[in-house]
Amino acid sequence: MSTIESVLKEERVFYPSEEFVKQANISGMQAYRDLCAKAEADYEGFWAELARKHITWSKPFTEVLDESRAPFVKWFADGELNPSYNCIDRHLADKADKTAIIFERDDGTSDRISYQELHDRVCQVANALKQLGVTKGDRVIIYMPMIAEAVIAMQACARIGAIHSVVFGGFSSGAVKDRAKDAEAKVIITANESVRGGKRSPLKATVDEALSGNECPAVEHVLVYQRTDTEINWVEGRDIWWHDIVDQQAKTCEPVPLNAEDPLFVLYTSGSTGKPKGVEHHVGGYLLGAAVTMHWVFDYKPTDVYWCTADVGWITGHTYICYGPLLVGATQVVFEGVPTYPDASRFWSMIEKHKVTTFYTAPTAIRSLIKLGDDLPEKFDLSSLRLLGSVGEPINPEAWIWYYEKVGGSRCPIVDTWWQTETGSNSIAPLPGAFPIKPGSCTLPLPGIMADIVDESGQSVPQGHGGSLVIRRPFPSLLRTVYKDDARFVSTYFPDEFGNKLYLAGDSAATDDDGYIRIMGRIDDVLNVSGHRLGTMEIESALVAHPLVAEAAVVGKPHEVKGESVVAFVMLKGERPTGEEATKIAAELKAWVAKEIGKIAQPDDIRFGENLPKTRSGKIMRRLLRSLAKGETVTQDISTLENPQVMEQLSQSA
C-alpha cells in the first residue's frame, strides 16, 4: 500500500441525522450539486446573486468580475457599502435588543452586549479615531487582548474606512514594530495589559519598546484601553487613555460609504524569515465570503449561540468573530481566557453556561484537552450543541472521533474547514446537512470554489494521487495582493510554472474514492525519503492513532543516504518517559508507524516532551522543531512560545 493510499483508506463515514438534514440551510447532497452546477454554468451570475442576497449595498453594483489584469482582479467594483453598517446598523430595526456579544473574561465574569449597545460603542470609538485625525485609507494597528473592545475597535475602523491591521497580543515588540512600520500606521490601539490564564502580560510596554527606535514615524497616537489597574509608562502628547477620549464621544457616527474594492484590512502572516507579508483583503468580496459561509458551513439559525475560540489576531478571529457572526445577526461568545484556566473543564463549563449551539475550535486545543481530561466533557450538559467545527490544521481521525463522541454526543456534525489567511473564508468544508463526513477529510470544495489537485506542470492528478492544491478561478474573498508588494503577490500565489493563472495554496492534498479531499500537509512539509514523498500529516496521524500518544509533530532532517530522514516529536497521554522507558516506547511507536503506513515512513528519531513548542495561539512552531532535528543551535526568537521549557526536552533523542 502506498503512503498516500494509507492516509486515504479511512472507511468510517458519519451521516447527519434526518432531523439535522431537514432543518439545514443546504439540505442534502443534491442541493450542493445544484449550487455547484449553477456556479459552473454562470460563475459571475452565481456570485452576483449571493452578493445581492447577503450584503446591503448603499450603491448597487452593476459590474461583477473584472479579470482584465489577472491575477489582479476586482469584484463588484462599482458598488458601495460599509462593513460596520452591514454588521450592526441593518440589524437594529428588529434586533436592537438581541445580544450580539457575550463577553466572558478570564476570571469567569461575563457581560452581554446588545446590537444597540454595540452600535453605540463602535460609534464612540469611530468618533474618537476621527478626533485623532484618522480618515479613510489611514492604517490603524490593533494590539489588544481578546476582549470585546478588540472587536469594537475593528468595527470602528471599518465604519470610517480606516484600514485595520491586527497584531496578535502574544507577539513581541519586534513584530509590532515591523507591522506598524510596513503599514505606516497613524494610530496604535492597545491595552495596558492583557489577562490570560490568571497571568498578566504587558501590552502598552511592548508598544513603547516597538516605538522606541523611532522607526515608525507615522505613528501619531497610542490609544490605551485600561484592562487592569497596573500603572504604565506614559508619553505625553502621544498616549491617550481610551476612557478619556472615547467615553465623551457621541453615540452616532455615519458609516462612510466604501467602494467594494477599497481595502478593509491588512493581516500580516508570521513567516519565520524575511519581511512580514501583509495579506490585503477588500471590502465587498471579503464580507460576502464571511456571510455566505456562516449560512452554508455553520448552518446559521437566528436562535444559535455561536462560539469561535480563535483570537482576533488571526484570520479566523477576523472572519468568524469580528465579521461573519455579526453580518448574519448572531449571538456569539467572545472569550478572553484559555481552555485550561482555572482548570481543563473551562470550555465545557462555558458551553453549558451560555448554552452554546455552534462550537468552532482548533485540533491543537482538542488534542490538548483529550490529554488533560478525556472524560471531562461528560461531566457537563453539552446538549445545547448542534454543530462542531475544526480550524487551523488537518484534524487527526482519532481526535475527530473523540470530538464527535465525547463533545458532540455522536449527534453533531463536524465541519472540518480548510481555508487560509489568503482565502478569507472557508473554502473546502463539509456542508453539515448535505455531506456524509469522513474523519480527517475537509470533504469537498464549497460551491463556486474551483479547487483542484495538480502535478508540477499544473495538470490535474488522477484520483488517489497526491499533488499541489490549487484554485483555478478567483473567488470574491480571495486576497487581492500583498500590501505594497504586487510582485511578491504574483510570485508567491500565482507562480510562473502555472502560467500565473492558478492560485497555489501551498498545501499538498489527495482525493479518495469519493472525491473527498485530504490535506497532507504544507508542500514544504512533504518529505522525500529515499525517493518516496511522505506527507508529515499522514505520519502524525499514524502516531496519534496509537493509544499512548496525545500529540505528535513530524519534520525531516538531511540524511546522506535517504536524502531526508523522519524525526518525530511526541507528547504522550501520560508523563514524559525517560531512560529505558523512553527507548522502549520509541521502538514501539516506530513499529506502529511501520505497520500503519510502511517501513519507509518509520521515524529514525523519536523525541518526547511534556508538550510541543507552541505559540500562545496554539500553533506548533515547526521551524523550531526543524532546527532541533538538525542539532542546530536555536537562534530564532522563542519569546512568543507558550512553553519555552520544552525546547530542552525535545533536543534529546529517546
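Predicted model: local features only at pLDDT ≥ 70, side-chain atom pairs only at ≥ 80, totals over all residues.
## Helix packing around α4

Axes here are lines fitted to C-alpha atoms, for helices over the stretch in contact, and the angle between two of them is taken between N-to-C directions on a scale from 0 to 180 degrees. On the α4 side the contact is made by Phe 46, Trp 47, Leu 50, Ala 51 and His 54, while α12 brings Leu 288, Ala 291, Val 292, His 295 and Trp 296. Sorted by class, the residues of this contact are 8 nonpolar and 2 polar, with no charged ones.

Helix α4 (residues 43–54) also meets helix α3 (residues 29–41): the two axes come within 5 Å and cross at roughly 120 degrees. That angle makes α3 oblique to α4. From α3, the residues Leu 35, Lys 38, Ala 39 and Ala 41 meet Tyr 43, Phe 46 and Glu 49 of α4. The class count for the contact of α3 with α4 is 5 nonpolar, no polar and 2 charged residues. Phe 46 takes part in the contact with α3 and in the one with α12.

In soluble globular proteins, nonpolar side chains tend to be buried together. In this model, the largest nonpolar core holds 153 residues, and Ile 189, Trp 296 and Tyr 323 have the most contacts inside it. Helix α8 (residues 148–160) gives the most to this core, with 10 residues. Apart from this core lies another, of 32 residues, including Trp 348, Val 356, Ile 370 and Leu 382.

What does Ile 189 touch, once residues up to four places away in sequence are left out? Its partners are Leu 129, Val 140, Ile 141, Ile 142, Tyr 143, Met 144, Ala 153, Leu 223 and Trp 242.

## Aromatic pairs

The count of aromatic pairs comes to 37. One of them joins Phe 168 and Trp 314, a tilted pair with 5.0 Å centre to centre and 35 degrees between the planes. Phe 168 sits in the loop between β7 (163–166) and α9 (173–183), and Trp 314 in the loop between β16 (305–308) and α13 (315–327), so the pair ties together parts that are 146 residues apart in sequence. Phe 168 is buried, at a relative accessible area of 5%.

Phe 265 and Tyr 286 make an edge-to-face pair, at 4.9 Å centre to centre and 85 degrees between the planes. Because Phe 265 belongs to strand β14 (residues 263–269) and Tyr 286 to helix α12 (residues 283–296), this pair ties together parts that are 21 residues apart in sequence. Both Phe 265 and Tyr 286 are buried. Elsewhere, ring pairs link Tyr 43, Phe 46, Trp 47, Trp 57, Phe 61, Trp 75, Phe 76 and Trp 296 into a cluster.

## A buried arginine and an enclosed helix

Leaving aside neighbours within four places in sequence, Arg 238 is in contact with Lys 204, Asp 208, Leu 211, Glu 220, His 221 and Val 222.

Helix α13 is largely enclosed by the rest of the structure, because 13 of its 13 residues are buried. After α13 comes Gly 329, with a positive phi near 75 degrees.

Methods
Residues numbered from 1 in each chain as written. Heavy atoms only, no water. Helix = DSSP H or I, 4+ residues; strand = E, 2+ residues; numbered from the N terminus. Parallel < 35°, antiparallel > 145°, perpendicular 65-115°, else oblique. Contact = heavy atoms within 4.5 Å. Nonpolar A, V, L, I, M, F, W, Y, C, P; charged D, E, K, R; others polar. Core = buried A, V, L, I, M, F, W, Y, C linked by side-chain atoms within 4.5 Å. Buried < 20%, exposed > 50% of the residue type's maximum accessible area, 1.4 Å probe, protein only. Phe/Tyr/Trp six-rings, centres within 6.5 Å; stacked < 30°, edge-to-face > 60°.
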